[in-house]
Amino acid sequence: MPDADPSALPAPPAGSDNPAACGAGRPVPLHVRLLWLPEAMPGMLFGALDVLRAAAGVARLQRPDADRDLSWSVIGPSGRALALPALGLEPARRRRRAAADGNALVVIPGLLARNAPHLGEIVSGATQALRLLERHAQAGGWIAAGASGIAFAAELGLLDGARMGAPWTFQSWMAKRYPRCDFSASEPMSVHQRVFGCVAPALQTEFMLRVLGHLHDPDLAQTCSRMLLYQAERQQLTPELASQRWLSKTADSPVYRAMRWLQANVDAPYRLALVAQAAATSERTLLRHFRQVTGTTPLEYLHGLRVERAKTLLEVTLHGSQAVAEACGYSDAAAFRRLFQRETGMSMSSYRARFALRSQRRYWRVEDMPRTAGGT
């Protein structure tokens, strides 16, 4: 099986908008709504969701400081977002206001129809979903229909004049029901105006990668295709590269080395020069990278570590504030008390009274004594 390249798949015909092509190499904001129907093939829906999650993860890896311009939600026929915690799905992500309807996509999964007449009953009976899709299309939105889900687009007349592929099991029936569309195309994936179609459920991953490449970010789709689709040459080459030590463990970043050093030296006096030396970089570079990654400075990060150590000591020991401060790298207990108050919003004594995990001294051992002289 050759390596798949989403960018090499057939492009929309002339006159059809291609937002990603207009982005001049920049990702185009895209909101994806995954349509959940009682008769839907759930595997196709979850396959699309897997692609979206993978793409978002790669985007965060490549551009950690960039805005999140790919969002999604699982919706019912009414258009309302659904939460599916029982299936391990995170809460539906809200649509960014910057994404106009023209940059929105509705994904229609295939339907579990017993036969062609049953498919017709499902589609014609899904009036709420049809109204949702009609409003979406009128607003200029895109549709990606998998397998028999393409019947929804045909029912709305969105495929009139098109030459599209259709699942072979329903091809004859669809040709009769929707005579204005030619369903004889042999390609596994096709596009007409703002409707993408795919004939087989097993191609859902590759189908979603193609759609993302056209509407959102071709480079991101290409990268994800190498992760999610079978890559014969890479499967053969990687073991050799690893055996020759070309592929080895990634070196720790300066920020990681700085954080590890601070964790191991919580009680030591803070000097930026020592932290930068441990991180094997300059002070200026460390400050810039540390803030980019963590949003704080090394000293602010160390303050957090020291306060957490103090919390632990206050919870499980009876050491006074001076001893706790010294254990956290402060010889001046008053200065540390001010830091603790600023970070937690309460004094050290108040914290201990509220969260201590051991009984007060006057109760030691008394709790283990029998309640009566008889020891019963």
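Select Ile 143 and look across to strand S6: standing opposite is Val 195. S6 covers residues 195–198 and runs parallel to S4, with four bridges joining the two. (Strands pair if DSSP finds at least two bridges between them; strands are E runs of at least two residues and helices H or I runs of at least four, numbered from the N terminus.)

A quick note before moving on: this is a predicted model, where local features need pLDDT of at least 70, side-chain atom pairs count only at pLDDT 80 or more, and totals for chains, interfaces and linings use all residues. Residues are numbered from 1 along each chain as its sequence is written, and side-chain values use heavy atoms, leaving out hydrogens and water.

Now pick S3, residues 104–108, which pairs with S4 in the parallel sense over four bridges. Val 107 has Ala 144 as its bridge partner.

Next, highlight S4 itself, residues 142–146. Are its residues buried or exposed? Five of its five are buried, meaning under 20% relative accessible area with a 1.4 Å probe, protein chains only. Trp 142, Ala 144 and Gly 146 are on one side, Ile 143 and Ala 145 on the other. In a regular strand, side chains alternate between the two faces of the sheet.

Jump to Phe 152, Leu 159 and Met 174: these touch the most other members of the 35-residue largest nonpolar core. (Such a core is a set of buried Ala, Val, Leu, Ile, Met, Phe, Trp, Tyr and Cys residues joined through side-chain atoms within 4.5 Å.) Helix H5 gives the most to this core, five residues.

Terms used. Buried means under 20% relative accessible area, exposed over 50%, partly exposed in between (1.4 Å probe, protein chains only).
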